[in-house]
Amino acid sequence: MYQWLSEAVENNSIVITASRRLARVLHSEYGKEQLELGNKAWLSPNIRFLDDWLTSTVNAAADSLPIVLASHASGIIWERCLKEQAGAALLNIGGLVRQARQSWQRLHDWRVPLSEVSTEARSQDEQLFAAAARKYQEILADNGWIDDAQVAGIVTGLIESRAVPAPESVVCAGFDRLVPAVEHLFAVLTDIGCVVTAAQFDAAAEDVLVAAFDNADAELRAAGAWARRQLTENPSAIVGIISSSLDKNAAATERLIREGIAPGWQYGGADLRTAVNTSYGRRLSDYPAISIALLLLQWVHRGLSFSEISLLLRTQFIAGMETAGRCKLELYLRRLPDQSWSPPAIMRLFRERAEEADARKWLEGAKHISSFQAGAAEQASPSAWADRINQLMLELAWPGTRALASDEFQLVNRWRELLNDLARLEIVCPQVTFAEACSRLAALARDTIYQPETQPGVIRLLGPLEAAGMRFDRVWVAGLDADTWPPASHPLTLVSRQLQRQYSMPDATPDDTLDYARRVLKRLVSSADRVRLSWQRTSEEAENTASPLIAGYAAVAHEQAMDPGWHALNLIGTNPLEQPADDPAPAVQRDELVAGGAYTIQRQVSDPFSAFAHGRLRVAELESVAMGLSPALRGSLIHKALHALFAEKPSQDEIRQWCGDGLQERVSRAADTALKRYLRHADPVLRQLLALERARLLDLLESFIAEESKRPAFRIDNVEHEIEYQQFGVRLKLRVDRIDRLFDESLLIADYKTGVAKNLLNRHGDPLDLQLVVYACALDESVGGLVLINIDSRSIAYKGSGGSVAWDAKRAGQWPERLAAWKEKVAMAMQQIAVGDARINLDLQSGQSRPLNILSRFEERRRGQR
């Protein structure tokens, strides 16, 4: 496959590759060839990625050479130079630094003098860059530094002056376009007697076909299915899939290809999940273990939100594998308003609640971070901070206590290299605060693209540039629609366009972009004996056409048949698992307590499966956390304040007497009682929000007292009354907001509702919700009425019905019969729960069924009915 490689190694040539991945592939292929020849040992071939070879050549030279700055260190100098030239006008300094460094690199690659950049600068951005580049060059010269962009020129000078020995022979592989700086280097090598050649690859494949698909999903699934057929035909074949848009979403692309390779791969083992080897790294900061480490460091110098604390509580990258106790702490934290949590505040909050060993160990970690904070305000060298950060991570048991897999071990080593990179910033930042060191470390992680070395999958997924120099037995090139290929041009924005055209820089003209895309496609078509090219007819509801660069290749017959479709969709109506198993829910057991209270009865009426899941399986939805005070929390505060206000069970006459001088003090006490729990751990921002909520509560309570004073005579009989109700063997625990005793000694059952106003009855006069009817069933005394009390700062409204109340007076005479009929509905629901009724209501809307869909398989069952 790489016939030229053995000859190059035998001639003691240095093989210089365009990518580090190609260097690894060539090493591997050479090793396979030696094993096939029966060799048990051999000299390691001299195969080097170009940048690595240049750097090692500089490092091998005399000590008098300038110091090569690390990439991030040069970025810091660029940041200073740009700020100095632009002042406070810069909004996105990080983006501008990236553009400046890219421009600087390309200027050196194309050997453009800086004087010409200044002369040709016309726009404000071009002049800003030219001035910053001159300053940057001065700083490097004054300090005896060089950066990565200058290394090729330095190596050329070293070889030309014979300061370093030149290799006898060089073979370059995988270069679609040699930059002028490297061309000049190779010319100098040639002038002094080195033989420089390019690796020779086979001619273009004869079996090349084009296929079109409705969309990208179908295209990539078809590519995966095609790859599977090639491996079935020849299990030892090397199959590649090239995606022109891999850089946009590598993970989604890989999933779609797996869907085609192995439909149902989600049910399989690790072999199916790793069938595709993707040649596209991620930002180091996107790896979960690194993200957690950076978040821990941020906790030293700033408070964390609930979502961030939640991650730290649930992760297994710190404090061991056990998380049961920590998850309990997380559930408790969910019930509190979101705010900025410092380590000491979290320690105070959880101190009495951390019962399990894993929770206590996690709090020990918070204590380590709190102790670290004591010295975080001082300045120290980046290397000193790197040492302290490493020690803190050890104290926190990061990245976990389990044995590390190979890719995890590599990731930890890369983190340590990242700390070394931070230490190397000392050359440009001798003293920094911890916050600055943490910021620099996070920037390093964001700028580092990392991919662990893994065993190659059966199929290789690459981008067009990553595939440079590689050979396959079969290859599929996807994404060749006119909008995607040729790719959009990206000329430099900080360098004169005229200067770019003068030096023939990449994308300086449309012709250059087209020519380069044609050259890359030709190389891809030449990389295998059998080639498939594909494009998508639509993307994001826009119609596409085929790239003009694939005109002339024959089309595939029956191209849509190549797409296997979605595996899960194909199962609908055919999967035997879709049919409900003959395994009915058991009847309620003697000692079983059904959860959910009155809500379970209402669920039984509307959707028995929901009642079974919530009441008997005890499925519970996680409370969502909102910034500030959520509607649910504000409603809870109203309930607590009303409970405190009426805790002494006053009569209406006593309530009317409150309207004198003591009213404000009374409602203040009730409001403070409701807010006390939340004020205890509140940060300054939350305290201000709670102060505003207190003012709202005071107004609302005074308004409610005034409305209560206008009602017909009553006295409060109970507040937050707890009852255990049992019927047909079904036990429920209930809590009634309030029970009033009316003039005829009958009971009025009341429930407070906050937020959007709710009605008790529908237009037919029947309850919209059986909650209050369940309470009426549980009470032994005569019930004279039911009422929902809607309490909101905008209005207070009573929605009720009964025989002894003014509301719904037209039907007051029918009250006993109506209440008895409603109680029959409750009894029927209780009886259904008792025998294990768990039917699924297929008439529900999709949104109503979605929370339990994974258990009920509602959508699959409903489609199966059609």
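E126 is buried, with a relative accessible area of 12%; buried means under 20%, exposed over 50% and partly exposed in between, with a 1.4 Å probe and protein chains only. Before going on: this is a predicted model, where local features need pLDDT of at least 70, side-chain atom pairs count only at pLDDT 80 or more, and totals for chains, interfaces and linings use all residues. Residues are numbered from 1 along each chain as its sequence is written, and side-chain values use heavy atoms, with hydrogens and water left out.

What does E126 touch, not counting residues up to four places away in sequence? The list is E120, A121, T493, L494, V495, S496 and R497, where contact means heavy atoms within 4.5 Å.

E126 belongs to helix α7. Helices here are DSSP runs of H or I with at least four residues, strands are runs of E with at least two, and both are numbered from the N terminus. Helix α7 covers residues 124-143, and at 1.5 Å a residue its 20 residues should span 28 Å; the end C-alpha atoms are 29 Å apart, which agrees. That expected span is 1.5 Å times one less than the number of residues.

Besides E126, the buried residues of α7 include L128, F129, Y136 and L140. The buried residues of the helix pack against α4, α5, α6, β4, α8 and α21. After α7 comes G144, with a positive phi near 70°.

Now the sheet. Seven strands form an open, parallel sheet in the order β9-β14-β8-β15-β16-β7-β19; two strands pair if DSSP finds at least two bridges between them. β9 and β19 are at the edges with a single partner strand each, so one side of each has no neighbour in the sheet.

Is β15 enclosed or open? Five of its five residues are buried, so β15 is largely enclosed by the rest of the structure. R474, W476 and A478 lie on one side, V475 and V477 on the other. In a regular strand the side chains alternate between the two faces of the sheet.

β15 pairs with β8 over five bridges, and I242 stands opposite V477. Four bridges join β15 to β16, with V531 as the bridge partner of V475. β16 also pairs with β7, over seven bridges, and there D207 is opposite R530.
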